[in-house]
Amino acid sequence: MTVALESTVPDRMTTAASAVLLGDAHFVRLVRWVYTARLICLALAAPVAILQGSAVAAISLLTLTFLSLLYSRGRRLMELLISHPLLASLDVALSVLLLLSVSSAQPWTLTAVCTALAAGLLFPRHVLWVLVAPLALGAIWAPALMAADTGWADWLAAVAGLPALVVGVAVIGAVIRHSTMARIEAQAEVSETVAAIGAAEERARLARDMHDSVGKSLHGISLTAYALTRAVDQQPAMVRELADGLAHGAETAAAEARRLLMALRSGQWDRPTVEVVSERLRDWSARTSVPARLNKTAAVDAAAEVTHQLVAALEECLHNIEKHAQASEVDVSLLGGADTIELVVSDDGIGFDPAVLAERERAGHFGQRGLRERAESVGGTATVVSAPGEGTTVRWTALRQP
């Protein structure tokens with residue numbers, strides 16, 4: 001979401017900017033309190049207006065009271081005020097009439113101060129100064145100030161009082177408005193960044209899942225299909241064998257796709273980690289006829305996201321063992337402490353030189369990188385220890401609650 005902000009277009013009020021401002025509950029509450037404060041000032045001033053018997057003061061008082069009640073009720077009436085600057089002009093005109101029609105200084109002056117503060121909060125600068133100028137001039141020519149004309153010093157002191165206060169609170173309101181817009185813009189940028197990071201992480205997770213399951217099965221099907229076309233005319237026995245392998249590979253890919261979809265829909269990673277790991281080992285052993293046992297279990301559970309990444313790492317290890325290791329047995333352990341969980345997968349296969357891993361990654365094989373990225377995504381690490389003729393051990397760790 002991109003927010004059109006007044007701060008990026010100085011001196012130009014936009015409807016979008018007002019909508020953004022009035023969408024902030026704290027800002028709306030502040031404006032409501034300003035009009036509520038003006039309402040209180042008008043209530044305190046009512047006895048003075050009645051005693052003076054001024055019709056202009058009474059009408060101004062009643063109308064301002066009615067408008068203050070409306071504007072203090074909520075957002076929709078504020079939107080109406082912003083959309084129709086003539087309403088704001090009427091509000092300012094009534095405040096000026098009130099200043100000019102009475103002789104007592106307090107609390108009429110605070111009414112004008114509240115009007116100036118509301119104008120600073122609600123309107124951009126080019127509208128604000130049009131509204132505040134009459135208020136400041138009205139404050140200068142108010143009877144209360146003119147009565148203080150006992151000398152130039154007293155008159156200058158009076159001018160520096162209420163008129164300066166009206167302009168000052170209008171500026172404060174404008175500063176609050178600008179700060180609120182900046183805060184909303186920052187919050188929108190943070191939300192966009194968090195959403196982008198979440199989407200990127202989800203894409204990376206799906207890519208790893210596809211690589212570790214369906215992608216590998218489809219690659220095997222593709223290789224078998226190429227071999228089938230080459231042998232179809234010359235080696236009928238091999239063709240039958242390859243066709244069987246092709247059918248088996250297709251069934252495996254379909255099963256992996258179903259399992260991936262079920263995981264996305266049902267959230268099966270909420271089950272205990274040890275239960276999911278044991279299930280995967282049983283399925284793999286039944287399919288490959290290679291014994292795979294969970295021999296040590298010091299950690300039985302972790303967060304659902306950790307279980308998901310751990311089981312995906314286990315499947316990557318088992319796939320590599322099936323494809324490359326020529327192992328006769330696989331030992332698996334679930335270790336860890338109060339805060340961490342550790343998966344250890346060892347086989348007694350032919351092993352390999354770890355130096356070839358970097359070369360394979362440059363050739364486009366990202367299985368080992370996927371192991372590391374899965375571990376890092378849940379606060380852990382992944383290491384591979386192997387040597388020709390000595391089997392392979394993969395140690396994969398994570399935080400239980402990342």
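Predicted model: local features only at pLDDT ≥ 70, side-chain atom pairs only at ≥ 80, totals over all residues.
Good morning. I begin with Arg 183, which is partly exposed, with a relative accessible area of 31%.

Arg 183 has a partner. Asp 24 forms a salt bridge with Arg 183, and the closest N and O atoms are 3.0 Å apart. Asp 24 lies in the loop between α1 (15-22) and α2 (25-52), whereas Arg 183 belongs to helix α10 (residues 162-231), so the pair ties together parts that are 159 residues apart in sequence. Is Asp 24 buried or exposed? Asp 24 counts as buried, because its relative accessibility is 9% and the threshold for burial is under 20%.

The protein contains 15 helices and five strands. It has 402 residues, and buried residues make up 40% of them. Its exposed surface comes to about 20900 Å², with carbon and sulfur atoms supplying 63% of that area. Considering contacts between residues at least 6 apart in sequence, 72% join residues at least 24 apart.

I turn next to the helical part. An unreviewed UniProt entry carries the annotation "transmembrane region" for residues 37-70, 77-99, 105-123, 128-146 and 152-176.

Ser 60 is located in helix α3, which spans residues 55-71. With a relative accessible area of 1%, Ser 60 is buried. What does Ser 60 contact, once its neighbours within four places in sequence are left aside? The residues are Leu 94, Leu 97 and Leu 98.

The next topic is the sheet. Five strands form an open sheet with mixed pairing, in the order β1-β2-β3-β5-β4. β1 (292-297) and β4 (382-386) are the edge strands, each pairing on one side only. From one strand to the next, the twist averages 15 degrees.

Two helices pack on this sheet. Helix α12 (residues 273-288) touches β1, β2 and β3, and its direction makes about 160 degrees with that of β1. Helix α15 (residues 367-377) touches β4 and β5 (392-399), and its direction makes about 25 degrees with that of β5.

Within the sheet, I would draw attention to β3. Strand β2 (residues 330-336) pairs with strand β3 (residues 340-347) in the antiparallel sense, over seven bridges. β2 and β3 form a hairpin, with three residues between them. How many of the eight residues of β3 are buried? Six of them are, and the strand is mostly covered. In a regular strand, side chains alternate between the two faces of the sheet.

Glu 342 brings us back to charged pairs. Side chains of opposite charge can pair when their charged atoms come close. A search of the whole structure finds seven salt bridges. One of them joins the side chains of Arg 395 and Glu 342, at 2.7 Å from N to O. Arg 395 lies in strand β5 and Glu 342 in strand β3, so this pair ties together parts that are 53 residues apart in sequence. Arg 395 is partly exposed, with a relative accessible area of 35%, whereas Glu 342 is buried at 16%.

A further salt bridge involves the side chains of Glu 279 and Arg 280, at 3.1 Å from N to O. Glu 279 is partly exposed, with a relative accessible area of 23%, while Arg 280 counts as buried at 6% relative accessibility. Which residues are linked in a network of salt bridges? They are Glu 279, Arg 280 and Glu 315.

To close, I return to the two pairs that span the sequence. Asp 24 and Arg 183 tie together parts that are 159 residues apart, and Arg 395 and Glu 342 tie together parts that are 53 residues apart. Thank you for your attention.

Definitions and conventions:
Residues numbered from 1 in each chain as written. Heavy atoms only, no water. Pairing = 2+ DSSP bridges. Helix = DSSP H or I, 4+ residues; strand = E, 2+ residues; numbered from the N terminus. Axes fitted to C-alpha atoms, helices over the stretch in contact; angles between N-to-C directions. Contact = heavy atoms within 4.5 Å. UniProt positions renumbered as here; feature names shortened; annotations may be inferred. Buried < 20%, exposed > 50% of the residue type's maximum accessible area, 1.4 Å probe, protein only. Areas by Shrake-Rupley, 256 points an atom, 1.4 Å probe, with all protein chains shown as cover. Salt bridge = Lys/Arg side-chain N within 4 Å of Asp/Glu carboxyl O.
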